[in-house]
Amino acid sequence: MKKSFTILAALLSISTIDYAQQDTWDVPATELMISHNKQNYSDHQDVKNNQFASQATVSVWKNSTNQFKTLSDYIDKRLTSAFIVVADVTTLYNIYSQLSEMITYEQKSLVIAKRHPWAAPLLASEQAAIINSGNDLFSYISLLIMSYGDISKMKVSARKVIFHSIDLQVGVLKA
């Protein structure tokens, strides 16, 4: 039993040996960790400030872009309106010039009737046909004038079709 007691004592003495880290403070490692943490904190502050500046720049850029888009849309709307008016005025000017030409032809036909009285019945029958067609055209134009609120809402191409038909009818009358 003495032997087992000795072995037991030996085992107990071996098991109580400390293999843990010694109780010393590594000052250089601690200073290095503090320096590294200070650098990380500084970097974090720089990134945070840069992010605020970037967000402010993006906000200003978006605001400028929105203002430019609003301005360009406004200019586009005004130019479109101007082109619509110009297209309508151009068509109406063509109709007016044909009516003016028609009046000039009418004056010339009266001069012919004065010079050649035998042609007066032929000219009178042609004048009656022109007047009948002119009355139809006048009724059509009156209808368009009364509904111009609806016509002004039409697309330019649709209005051009209407004005082109008037232009053709005036051309037929002139011929």
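Helices (H or I, at least four residues) and strands (E, at least two) are taken here as DSSP runs, numbered from the N terminus. This is a predicted model, where local features need pLDDT of at least 70, side-chain atom pairs count only at pLDDT 80 or more, and totals for chains, interfaces and linings use all residues. Residues are numbered from 1 along each chain as its sequence is written, and side-chain values use heavy atoms, with hydrogens and water left out.

So what does the chain look like? Its secondary structure comes to five helices and zero strands, and reading along the sequence gives the pattern α-α-α-α-α.

| Helix | Residues | First to last C-alpha | Expected span |
|---|---|---|---|
| α2 | 89 residues | 130 Å | 132 Å |
| α3 | 27 residues | 38 Å | 39 Å |

Both come out close to expectation: α2 and α3, which covers residues 120-146.

Let's start with α2. Its buried residues are Asp88, Thr91, Ile95, Gln98, Met102 and Ser109. The structure holds one salt bridge, meaning a side-chain nitrogen of Lys or Arg within 4 Å of a carboxyl oxygen of Asp or Glu. Which side chains make it? Those of Asp73 and Lys69 do, at 2.9 Å from N to O. Both sit in α2 (residues 27-115), four residues apart, or about one turn of the helix. An α-helix has 3.6 residues a turn, so residues three or four places apart point the same way. Asp73 is partly exposed at 39% relative accessible area, and Lys69 is partly exposed too, at 48%.

There's also a nonpolar surface patch of about 530 Å², made by Leu71, Tyr74, Ile75, Leu79 and Phe83. Patches take residues with over 30% relative accessible area and no salt bridge, joining like charges within 9 Å and nonpolar side chains (Val, Leu, Ile, Met, Phe, Trp, Tyr) within 5 Å. Areas come from the Shrake-Rupley method with a 1.4 Å probe, and for residues only the protein chains shown count as cover. Ile75 belongs to α2 and is partly exposed at 42% relative accessibility.

Over in α3, Gln127, Leu137 and Leu144 are buried.

Now the largest pocket, with a volume of about 320 Å³. Tyr105, Glu106, Ser109, Gln127 and Ile130 are the closest to its centre among the 14 lining residues. A pocket is an open set of points on a 1 Å grid over the protein atoms alone, where a 1.4 Å probe fits, with protein on both sides within 12 Å along at least five of seven lines; lining residues have an atom within 4 Å of a point. Grid points are joined across faces, edges and corners, and the volume is the space filled by probe spheres set on the points. Which helices supply at least two lining residues each? α2, α3 and α5 (156-174) do, and α2 gives the most, with six.

Note on methods: Buried means under 20% relative accessible area, exposed over 50%, partly exposed in between (1.4 Å probe, protein chains only). The expected span of a helix is 1.5 Å times one less than its number of residues.
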